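Student: Could we go through this structure together? I would like to start with the overall fold and then turn to the contacts.

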Amino acid sequence: MAEKLGVSRRWLIEFEHGRVPNPGFATILSMLSALGLSLDVRKTPHPTDPYEWCP
């Protein structure tokens with residue numbers, strides 16, 4: 001996995017333990033892709049805007 005992502009094994013281990021303070025977003029997306037996962041980001045309607053809740 002580390003080789004696929006272009007990072008060191010130590011970096012990957014530290015990332016897995018939550019010890020990488022600022023991992024690159026592109027690296028995270030590459031990791032998700034390599035694991036067969038994807039990220040879905042959606043806008044959450046603001047509860048004070050009644051028109052956002054209507055389909």
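Tutor: The discussion below concerns a predicted model.

Student: What is the average pLDDT of the protein?

Tutor: The protein averages a pLDDT of 86, and 82% of the residues score at least 70.

Student: Which element has the lowest mean pLDDT, and which the highest?

Tutor: Helix α1, residues 2–5, has the lowest mean value among the elements, at 91. The highest belongs to α2, at 95.

Student: How many helices and strands are there?

Tutor: There are three helices and zero strands. Along the sequence, the pattern reads α-α-α.

Student: And what share of the residues counts as buried?

Tutor: The protein has 55 residues, of which 11% count as buried.

Student: At what angle do α2 and α3 pack?

Tutor: Helix α2 spans residues 9–16 and helix α3 spans residues 25–34; they pack at an angle of about 85°, and their axes are 13 Å apart. Helix α2 is therefore roughly perpendicular to α3, since angles of 65 to 115 degrees are placed in that class.

Student: Which residues meet there?

Tutor: From α2, the residues are W11, L12 and F15; from α3, they are T27, I28 and M31. By class, this contact has five nonpolar residues, one polar residue and no charged residues.

Student: Changing topic, how many aromatic pairs does the structure hold?

Tutor: It holds one aromatic pair. The partners are W11 and F15, with 5.3 Å centre to centre and 10° between the planes, and the pair is stacked.

Student: Why is that called stacked?

Tutor: The planes of W11 and F15 are 10° apart, and the pair counts as stacked because planes under 30 degrees apart fall in that class.

Student: How far apart are W11 and F15 in helix α2?

Tutor: W11 and F15 are four residues apart in helix α2, so about one helical turn separates them.

Student: What is the relative accessible area of W11, and that of F15?

Tutor: W11 has a relative accessible area of 21% and is partly exposed. F15 has a value of 24% and is likewise partly exposed.

Student: One more residue: where is A26 found?

Tutor: A26 is found in helix α3.

Student: Is A26 buried or exposed?

Tutor: A26 has 55% relative accessibility, so it counts as exposed.

Student: What separates the C-alpha atoms of A26 and L5?

Tutor: The separation of those C-alpha atoms is 9.6 Å, while A26 and L5 are 21 residues apart along the chain.

Notes
Residues numbered from 1 in each chain as written. Predicted model: local features only at pLDDT ≥ 70, side-chain atom pairs only at ≥ 80, totals over all residues. Heavy atoms only, no water. Axes fitted to C-alpha atoms, helices over the stretch in contact; angles between N-to-C directions. Helix = DSSP H or I, 4+ residues; strand = E, 2+ residues; numbered from the N terminus. Parallel < 35°, antiparallel > 145°, perpendicular 65-115°, else oblique. Contact = heavy atoms within 4.5 Å. Nonpolar A, V, L, I, M, F, W, Y, C, P; charged D, E, K, R; others polar. pLDDT = per-residue confidence, 0-100. Phe/Tyr/Trp six-rings, centres within 6.5 Å; stacked < 30°, edge-to-face > 60°. Buried < 20%, exposed > 50% of the residue type's maximum accessible area, 1.4 Å probe, protein only.
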